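User: Could we go through this model together? I would like to hear what stands behind each label you use.

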Amino acid sequence: MVKIEVVNVEKPEGAECIIGQGNFSIFTVDDLARALLTAVPGIKFGIAMNEAKPQLTRYTGNDKELEEVAAKNALKIGAGHVFVIVMKDAFPINVLNTVKNHPAVVMVYGASENPLQVIVAETELGRSVLGIVDGKAANRIETAEQKKERRELVEKIGYTID
């Protein structure tokens, strides 16, 4: 038998979240924390990772609130070797390659500031992430004006060339 559950990810307003799966939790949670610190000066984050044995959620970071939020979300998800990063003062685009290139990271399921839900399957052995719901579904194609606004926003937040 497989039970399917939807886990709502809770995070502070404006916080970004990355959810993925890795290996060797006892090492990876701290190593990813060091990698985040060197990826973006001034980043604030909490990271938590579920360890299959001894069935603990390991956590660390440099912001107590974000550490607690990451740990609570990882524990709610409950799947072995899943990690949750909750961060401020950085965008996922700033750290995704750093996270994905870590030798113990298997995959990243999602990375967003949007509301997130994690689809979890549970069997007699344990829990597994099936996927992520990242925000609301698109329901229309952008207009020319919306395209212009999008490009202006990208420039405003610093993603432009002279």
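User: What makes the pair formed by the side chain of asparagine 73 and the backbone oxygen of glutamate 10 a polar contact?

Analyst: Happy to start there. A polar atom of the asparagine 73 side chain lies 2.6 Å from the backbone oxygen of glutamate 10. A polar contact is a pair of N or O atoms within 3.5 Å; within protein, one atom must be able to donate a hydrogen and the other to accept it, and residues adjacent in sequence count only if both atoms are side-chain atoms. The 2.6 Å separation is within the 3.5 Å limit. One caution: this is a predicted model, where local features need pLDDT of at least 70 and side-chain atom pairs count only at pLDDT 80 or more, while totals for chains, interfaces and linings use all residues. Residues are numbered from 1 along each chain as its sequence is written, and side-chain values use heavy atoms, with hydrogens and water left out.

User: Why is asparagine 73 called buried?

Analyst: Its relative accessible area is 2%, and buried means under 20%, exposed over 50% and partly exposed in between, with a 1.4 Å probe and protein chains only. Asparagine 73 is therefore buried.

User: Where does asparagine 73 sit, and which residues does it touch?

Analyst: Asparagine 73 belongs to helix H2, residues 64-77. Helices are DSSP runs of H or I with at least four residues, strands are runs of E with at least two, and both are numbered from the N terminus. Leaving out residues up to four places away in sequence, asparagine 73 touches Asn8, Val9, Glu10 and Val84; contact means heavy atoms within 4.5 Å.

User: What makes the stretch around proline 54 worth a look?

Analyst: Most residues other than glycine have a negative phi, and most peptide bonds are trans. Here a cis peptide bond, with omega about 15°, joins lysine 53 and proline 54. Proline 54 is in the loop between strand E3 (44-51) and strand E4 (56-61). Glutamine 55 is found in that loop too, and it has a positive phi of about 60° although it is not a glycine.

User: How do you know whether glutamine 55 is buried or exposed?

Analyst: Its relative accessibility is 71%, so glutamine 55 counts as exposed. Aspartate 89 also has a positive phi, near 65°, and lies in the loop between strand E5 (82-88) and helix H3 (92-100). At 57% relative accessibility, aspartate 89 counts as exposed.

User: What makes methionine 107 partly exposed?

Analyst: Its relative accessibility is 36%, which puts methionine 107 in the partly exposed class. Methionine 107 lies in strand E6, residues 105-112. Apart from neighbours within four places in sequence, methionine 107 is in contact with Gly20, Gln21 and Phe83. Valine 82 is 25 residues away from methionine 107 in sequence, with 9.5 Å between their C-alpha atoms.

User: How do you know that the whole chain is as compact as a globular protein of its length?

Analyst: First, its make-up: four helices and eight strands, in the order β-β-α-β-β-α-β-α-β-β-β-α. The radius of gyration of the chain is 17 Å, close to the 15 Å from the globule rule for 162 residues, so the chain is as compact as a globular protein of that length. The radius is taken over C-alpha atoms, and the rule is 2.2 Å times the number of residues to the power 0.38. Of the 162 residues, 36% count as buried. Among contacts with a separation of 6 or more, 66% come from residues 24 or more positions apart.
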